[in-house]
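Hi everyone, thanks for coming. Let's look at the structure together and talk about its pockets and its core.

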Amino acid sequence: MYTVRDAMQVDPAGTLARVAQIGYTSLEGATYTGTETFYGLNASAFAKLLKQNGLIMPSSHYRLGGEQEKGADVKGTILHDWDRAVDDAAAVGLKYMVCAYLSDKERGNVDQYKYIADKFNKAGERCKKAGIQLCYHNHDFEFNEQQNVLPYDILLNNTDKELVKMELDLYWVNKAGKDAFALFNQHPGRFPLWHVKDMDKTPAKDFTEVGNGTIDFKKIFTQAKKAGMKYFFVEQDKTPGDPFESITKSITYIKKNLV
């Protein structure tokens, strides 16, 4: 839902109806942290809206909460009021809660990433009690070496593989010059969620619609079982025009070529 985030802020009901009409059935949320609502709605109201449109939302994004906003802790984050976030997630029917991003201020050296891994383990324990799986969503900065080790490896190796799994963003892995196959071989079953977004053919290697770029999704999808993939989500951080046109192009390619 991050792809159509602007429309969701203005008209969540109309946006969900349009997304369903295009052919999507499963969604990943991109808002809750900081408001402790789902697009301005409480958990029960949002769950009802999803059902009305024949949609499920098995996953949603959250933040670590290591930064303050306007001098106050951000609630609904891993570090602040996580119990409430988990309870609301369960009420909506989430199966996965995903830490979406680490800000510049939340990152740091090896010890900082070990600290984050410890917080992920604790948050994952709380999720497990509610029947929910905690995951972490990567960008490319996790693949920049810190003291001869990759932050991504620190997060993988210092978290319980049952409590903390990964949402692998295939665009950012490629942008970092890393091999998804190698990750799947090293950590089989650790990647239940994927972000399927393509990389355009320009020198900028920017975002583009699935099937319109350079990433070999057909090859990657042959490894879905080894990876442990359960759901994949189309995401396009920026679109050249109407985001609804972009997600239509992506699902058309996916239905013809990947599923």
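First, a pocket: on a 1 Å grid over the protein atoms alone, it's an open set of points where a 1.4 Å probe fits, with protein on both sides within 12 Å along at least five of seven lines; lining residues have an atom within 4 Å of a point. Grid points are joined across faces, edges and corners, and the volume is the space filled by probe spheres set on them.

This is a predicted model, so local features need pLDDT of at least 70 and side-chain atom pairs 80 or more, while totals for chains, interfaces and linings use all residues. Numbering runs from 1 along each chain as its sequence is written, and side-chain values use heavy atoms, without hydrogens or water.

Okay, the largest pocket holds about 570 Å³ of space. It has 28 lining residues, and nearest its centre sit A30, T33, Y62, R63 and A100. By class, that lining is nine nonpolar, 13 polar and six charged (Ala, Val, Leu, Ile, Met, Phe, Trp, Tyr, Cys and Pro count as nonpolar, Asp, Glu, Lys and Arg as charged, the others, Gly among them, as polar).

The second largest pocket has about 500 Å³. Its lining has 26 residues, with Y24, S26, F232, F233 and V234 closest to the centre.

Now the inside. A nonpolar core joins buried Ala, Val, Leu, Ile, Met, Phe, Trp, Tyr and Cys residues through side-chain atoms within 4.5 Å, buried being under 20% relative accessible area with a 1.4 Å probe, protein chains only. The largest has 75 residues, and W82, M97, F120, L168 and W194 have the most contacts inside it.

Note on methods: Buried means under 20% relative accessible area, exposed over 50%, partly exposed in between (1.4 Å probe, protein chains only).
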